[in-house]
Amino acid sequence: MTDAPLVLPLEAVDPTDPDTLGRVGGKAANLGALVRAGFAVPAGVCLTTAAYRRAVGSALDALLAEDMDAVGLAEKARAAVLAVPIPDEVAAAVRATCPDGPVAVRSSATAEDLPGASFAGQQDTFLNVVGDDAVLDAVRRCWASLWTDRAVAYRGAHDIDHAAVTLAVVIQSMVDARWAGVLFTADPVTGRRGQAVIDAAPGLGESVVSGSVDPEHVVVDPAGEIVSRHAGAGGTVVRALPGGGTETVAHPSGAASLDDADVRTLARLGRRVEALFGAPQDIEWALDGDGRAWLTQSRPITTLYPLVPGRPGLRLFLSANVAQGVFRPFTPAGLSAARHLASGVAGLLGVPVDDPEQGPPMLSEAGERVFVDLTDVLRSRVGRAGAAGVLGVMETRSAEVIATQLDRPELAVTRRSPLPTVRRVGRVALRYRIPPAVVGAWVRPARARARASALVRDAAAILPAPAGAGREERLDRVRWMLTACFAPMAPQIAPAPAAGFLALGLAARLLRGRARPGELGTVLRGLPHNVTTEMDLALWELAVRLRDDPATVVALTGTPPAELAGQRSTWPPVLAEGLGAFLAAHGRRAVAEIDLGLPRWSDAPTHLLGVLANYVRLDDAGRAPDVVFARSAAEAEAMIESLAARAGGLRGRVVAAALHRARDLVGLRELPKYWLVTVLAAARTELAAVGADLASRGRLETGDDVFFLSLAEAREDVDRRGVVRERRATYERELRRRHVPRIVLSDGTEPEALGATDAPADGALTGVPASAGTVTGRVRVITDPQGARLEPGDVLVCPSTDPGWTPLFLTAGGLVMEMGGSNSHGAVVAREYGLPAVVGVRDAVARLTGVAEVRVDGTSGRVEPLVTS
């Protein structure tokens with residue numbers, strides 16, 4: 001592109017040319033598309049990136065080669081750009097092509113206004129610029145704005161190479177704006193597609209974009225009807241001055257509003273622009289004195305969560321990722337495995353799936369995450385009650401959000417008879433003899449525990465493919481594991497924990513009015529027979545042994561976990577032997593372990609090394625996890641005695657027996673999940689061998705690339721290297737997504753965003769009481785446990801957890817979690833460790849970032865910020 005022109009008229013910008021983005025940047029490319037489509041766009045030209053490179057390229061090359069932090073780079077680069085003279089040929093091109101009269105000089109970066117990152121507001125715009133010299137000065141300042149602190153930090157956050165980004169400059173005639181503002185063609189808050197949202201103010205749109213005015217806010221539904229209008233509360237608006245430049249003037253609240261006709265015109269215009277680009281748009285517009293609507297910018301709305309595909313009509317989806325405590329996206333192999341697993345479960349319930357690679361109809365994917373269509377469930381009276389019951393204890397916030405949607409006509413109950421559900425569930429119960437198994441577990445809990453453990457152990461032994469198996473045989477084995485082997489185990493091992501929960505429910509009924517909030521939860525502290533807590537305590541026992549070896553302590557505390565993981569061959573013998581034994585027993589586990597595509601701990605022990613480093617620093621004997629666990633168990637026994645005494649007589653003896661039986665059996669609730677993890681780890685091993693085979697024949701670049709293919713694609717002898725590169729890029733982009741809806745409708749609406757905030761007036765956060773007790777501690781916000789540092793007593797604040805997080809619980813003082821309910825994984829483990837916990841706290845991560853200290857009341861469900869950082 002060295003021969004690219006210095007200036008292009010906007011009408012000459014061809015968005016279909018593959019070099020366009022590199023020449024004119026995202027803003028100019030989008031404006032060119034609008035001009036070519038016949039929209040009203042102010043006349044103008046684009047000073048291309050060739051001009052930028054010619055002017056400042058040599059001044060920046062040396063700086064970009066230096067190793068410096070973002071702040072230093074931004075400061076030096078800005079100074080360098082502002083110091084260079086504008087080349088004569090660039091100045092001549094601007095003078096020759098610049099529109100007559102006042103103009104707007106606007107930055108157009110090559111990494112701006114893109115589907116994955118909008119860069120909105122990162123570079124500068126200069127309005128009502130008059131005269132060639134003033135225009136050239138504004139051009140130079142636009143170039144320099146590529147290196148503001150915010151722009152450099154934004155590129156760093158999105159992993160965009162600074163050297164790869166250049167800047168074009170758009171010079172357009174000013175619109176004599178009577179009104180101006182922003183139009184979203186989808187609601188940026190609720191996510192609803194087709195609902196236009198308009199923010200408007202008199203004068204130039206800069207006041208709306210910059211936030212100097214509280215604009216008039218108008219919402220137009222997909223049918224074109226104005227559904228709400230809120231007058232702005234005032235502020236200041238920006239107006240053009242006759243001789244150039246702008247001024248700000250006061251704009252009182254309750255001033256004149258935008259005409260309904262203008263609102264509808266803008267909404268129609270937005271729909272046409274969205275149709276042009278094929279995605280919801282964030283549009284800047286201006287209305288002149290004649291009422292003509294001008295478009296000054298259009299960019300994709302990058303913050304919307306992708307639509308979840310499904311059957312026709314309005315559908316309601318639950319995020320399976322949220323329900324399982326996995327905030328991050330799934331790998332393609334993980335998504336494929338989820339579809340096969342769901343097909344196996346559907347078959348168990350008598351609803352066979354023809355193609356497990358497609359999965360059952362109620363399973364969908366969006367944003368590389370799994371969603372479950374609950375529409376048909378909610379249209380059934382039994383299904384509605386069942387969903388409320390399960391989610392009420394597993395993901396309470398989701399249950400509350402769903403309850404707000406049940407009055408929608410699309411979700412009205414159409415199936416009132418429970419017989420179809422009873423028949424389907426009854427067949428499974430009879431086939432696997434679940435009722436007598438529940439009774440047997442109540443009568444002989446030790447035998448039930450032994451039987452459940454033996455079932456998992458014996459089944460795990462037959463999972464691997466035979467030695468020397470070929471690619472086809474291994475893939476057949478994986479499919480068998482996921483569709484035929486996983487699902488039938490659940491009804492065989494679930495009766496034991498089910499008996500425990502029934503015992504707990506019986507005790508709760510007998511204690512009605514006699515037990516205070518949180519006391520039954522105390523009974524479940526220090527719970528035995530839980531494979532996850534047994535794993536955590538085994539890791540603590542390992543840390544205790546490692547403390548006695550100075551070389552190991554130095555290695556753990558003096559070397560970053562990722563670096564230490566890569567030095568496995570040089571580990572001190574005590575560390576190598578001890579961690580090796582732990583991994584032999586528990587290496588199938590991982591963070592986000594329900595994604596088959598993610599490495600297990602035996603593959604990558606980085607997280608464990610970080611946790612061990614935290615453990616060896618713990619010098620408070622009273623906070624030692626084994627001591628805390630034993631103390632929790634003693635508190636549980638004492639609570640049983642207290643509750644039995646309160647009930648008194650025969651009722652008290654029954655209460656005590658039921659609560660002891662609950663402690664005998666409820667810990668097995670983790671066993672079905674453990675079996676799932678066992679199946680996924682075995683399937684991953686087979687897929688890794690398939691990947692190695694494909695890589696050896698040039699079909700993949702590395703063996704691990706197989707986890708970016710579906711199971712069906714891994715079976716085909718096809719070069720997939722290009723596909724894998726694209727999917728890795730998509731996956732990395734989704735890893736940066738910070739918002740995943742727990743409930744979403746098929747039109748993109750997030751019902752949770754429709755309600756008012758649930759924060760009390762005193763600024764406290766509220767959620768679901770998950771583990772009784774109160775603790776005050778330092779806030780530690782963690783969104784990824786890999787390598788996380790958690791000091792003893794810190795309050796862990798996180799989006800969600802799965803078993804891979806739980807080693808962090810052993811040193812935490814309290815837990816605050818955005819997801820979950822009273823019986824979700826994080827809540828259960830927190831109770832077992834006696835850790836005060838509140839879960840289902842909306843936006844906890846964002847709202848507690850910047851808070852230094854909180855008080856967590858796990859009995860009332862309150863989180864009270866005390867000190868800001």
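Visitor: At what angle do helix α4 and helix α5 pack, and how far apart are their axes?
Guide: In this predicted model, helix α4 (residues 88-97) packs on helix α5 (residues 132-144) at an angle of about 120°, and the two axes are 10 Å apart. That angle makes α4 oblique to α5, and the crossing of the two helices is right-handed.

Visitor: Which residues make that contact?
Guide: On the α4 side they are Val90, Ala91, Val94 and Arg95, while α5 brings Asp132, Asp133, Val135, Leu136 and Trp143. By class, the contact of α4 with α5 comprises 6 nonpolar and 3 charged residues, with no polar ones.

Visitor: And what about α12 with α13, what angle is there?
Guide: Helix α12 (residues 381-394) and helix α13 (residues 396-403) pack at about 140°, with 5 Å between their axes. The two are therefore oblique to each other. Leu391, Gly392 and Met394 of α12 make the contact with Thr396, Ala399 and Ile402 of α13, and this set divides into 4 nonpolar, 2 polar and no charged residues.

Visitor: How do α21 and α25 pack?
Guide: Their axes are 9 Å apart and meet at an angle of about 60°, so α21 and α25 are oblique to each other. The crossing in which α21 passes α25 is right-handed.

Visitor: Which side chains are we talking about, and what classes do they fall into?
Guide: From α21, Leu539, Trp540, Leu542, Ala543 and Leu546 meet Leu608, Val611, Leu612, Tyr615 and Val616 of α25. The contact of α21 with α25 has 10 nonpolar residues, and neither polar nor charged ones.

Visitor: Let's switch to α26. How many residues does it have, and what is its reach?
Guide: Helix α26, which covers residues 625-647, has 23 residues and reaches 33 Å from its first C-alpha to its last, which is close to the 33 Å expected at 1.5 Å a residue.

Visitor: Which of its residues are buried?
Guide: The buried residues of α26 are Pro625, Val628, Phe629, Ser632, Ala633, Ala636, Met639, Ile640, Leu643, Ala644 and Ala647. As background to reading such a list, an α-helix has 3.6 residues a turn, so residues three or four places apart point the same way.

Visitor: What covers them?
Guide: The cover over the buried residues of α26 includes α20 (519-523), α21 (531-546), α27 (649-665) and α31 (825-832).

Visitor: Then on to α27: what are its dimensions, and which of its residues are buried?
Guide: Helix α27 has 17 residues and reaches 25 Å from its first C-alpha to its last, close to the 24 Å expected at 1.5 Å a residue. Its buried residues are Gly652, Val655, Ala656, Ala658, Leu659, Arg661, Ala662, Arg663 and Leu665, and these pack against α15 (434-443), α16 (445-461), α19 (495-510), α20 and α26.

Visitor: How about α28, what span does that one have?
Guide: Helix α28 (residues 671-696) has 26 residues and its first and last C-alpha atoms are 38 Å apart, close to the 38 Å expected at 1.5 Å a residue. Just after α28, Gly698 takes a positive phi of about 75°.

Visitor: Which residue other than glycine has a positive phi near 65°, and where does it sit?
Guide: That is His529, whose phi is near 65° and whose place is in the loop between α20 and α21. For context, most residues other than glycine have a negative phi. With a relative accessible area of 27%, His529 is partly exposed.

Visitor: And Ala592, is that buried or exposed?
Guide: Ala592 counts as buried, because its relative accessibility is 4% and the cut-off for buried is under 20%. This alanine has a positive phi of about 55° although it is not a glycine, and its place is in the loop between α24 (573-586) and α25 (606-616).

Visitor: One last item: where does Ala581 lie, and how far is its C-alpha from that of Ala688?
Guide: Ala581 lies in helix α24 and counts as partly exposed at 49% relative accessibility. The C-alpha atoms of Ala581 and Ala688 are separated by 23 Å, and the two residues are 107 residues apart along the chain.

Note on methods: Residues are numbered from 1 along each chain as its sequence is written. This is a predicted model: local features need pLDDT of at least 70, side-chain atom pairs count only at pLDDT 80 or more; totals for chains, interfaces and linings use all residues. Side-chain values use heavy atoms; hydrogens and water are left out. Helices (H or I, at least four residues) and strands (E, at least two) are DSSP runs, numbered from the N terminus. The expected span of a helix is 1.5 Å times one less than its number of residues. Buried means under 20% relative accessible area, exposed over 50%, partly exposed in between (1.4 Å probe, protein chains only). Contact means heavy atoms within 4.5 Å. Axes are lines fitted to C-alpha atoms, for helices over the stretch in contact, and angles run from 0 to 180 degrees between N-to-C directions. Angles under 35 degrees count as roughly parallel, over 145 as roughly antiparallel, 65 to 115 as roughly perpendicular and the rest as oblique. A crossing is left-handed if the near helix is turned anticlockwise from the far one by less than a right angle, and right-handed if clockwise. Ala, Val, Leu, Ile, Met, Phe, Trp, Tyr, Cys and Pro count as nonpolar, Asp, Glu, Lys and Arg as charged, and the others, Gly among them, as polar.
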